[in-house]
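I opened this entry to keep track of what I looked up, residue by residue and then around the pocket and the ligand.

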Amino acid sequence: MVPMNFYVLTLFPEMVTEGLHTSVLGRGIDKGAISIEAINIRDYAINNHGQVDDGPYGGGAGMVMRPEPIYDAFEDLCSRLGRRPRLLYMTPQAQVFSQAMARELAQETDLVFLCGHYEGVDERVLEILEAENVSIGDYVLTGGELPAMVMIDCIGRLVPGVLHNDESTLDESFGAACVGGLLEYPHYTRPEMFMGRAVPPVLLSGHHKNIADWRREQSIRRTRERRPDLLG
Ligand code: 6GU
């Protein structure tokens, strides 16, 4: 098994490692299917005060992350790996991440995520390192760590060996670029009656064809009600 390796360049390494070494991804790490390493950009600070940012040329509020620490952190990683992996810069000024992008990125052996803070990152280092810009949605966050974690969770679960065999990645909402373009049907478990609400009788019937038909119908209804845009 060739593991998929995620590297996160960040000023808050513990946020990333603490957040991702749990649950399904934590098991994936323990099984050797994926690895996640946070690299502290401050270890590459420009001076012994730990400086990694500076005021913006042209004036304005906030600070901008300087290019040197980011460049050095990425080049150090490339030297260590003996490869130049794809570098993804987390920014709301970008195309929005999707399940289709996740499936494509899950084919890589290594991925590097660059998390910005403050007002952003000096543009030149993004150009020089050929960073690919990615957003996770049309809203503003304080930094790139949560977006990187969202993407690693989404990509990581697609790597063979992370999910159990019975946790299919196909029969689900947006799986396989939307199987049938529909949202998932509702799920039920015991008890059969909860606060006066019964489990839909068809699910107790043992009639597999009727169950499949019911689920498909529920998927269509749910998509029409919640995400009519997916029906086109
Ligand atoms: Cl990738 N970064 C930040 N800072 N905010 C975001 C985002 C990324 N995606 C949506 N909002």
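I take buried to mean under 20% relative accessible area, exposed over 50%, and partly exposed in between, with a 1.4 Å probe and protein chains only. The model is a predicted one, in which local features need pLDDT of at least 70 and side-chain atom pairs count only at pLDDT 80 or more, while totals for chains, interfaces and linings use all residues. Residues are numbered from 1 along each chain as its sequence is written, and side-chain values use heavy atoms, with hydrogens and water left out.

**D110.** I found D110 in strand β6, where strands (E, at least two residues) and helices (H or I, at least four) are DSSP runs numbered from the N terminus. D110 counts as buried because its relative accessibility is 4%. For polar contacts I used pairs of N or O atoms within 3.5 Å; within protein, one must be able to donate a hydrogen and the other to accept it, and residues adjacent in sequence count only if both atoms are side-chain atoms. The D110 side chain has such a contact with the side chain of R83 at 2.6 Å and another with that of N5 at 3.0 Å. Taking contact as heavy atoms within 4.5 Å, and not counting residues up to four places away in sequence, I list N5, Y7, L81, R83, P85 and R86 as touching D110.

**H117.** I placed H117 in the loop between β6 (110–115) and α5. Its relative accessibility is 13%, so H117 counts as buried. Its side chain is joined to that of E145 by a polar contact of 2.7 Å, and E145 is also among its contacts beyond four places in sequence, together with L11, F12, M65, T142 and G143.

**Ligand.** Which residues are around the ligand? With a heavy atom within 4 Å as the criterion, I noted M90, T91, P92, V134, S135, I136, G137, Y139, L141, G143 and P147. A polar backbone atom of Y139 is 2.5 Å from a nitrogen atom of the ligand; for I136, a polar backbone atom is 3.0 Å from a ligand nitrogen, and for L141 a backbone N or O atom lies 3.3 Å from one.

**Largest pocket.** The lining divides into 13 nonpolar, eleven polar and two charged residues, where Ala, Val, Leu, Ile, Met, Phe, Trp, Tyr, Cys and Pro count as nonpolar, Asp, Glu, Lys and Arg as charged, and the others, Gly among them, as polar.
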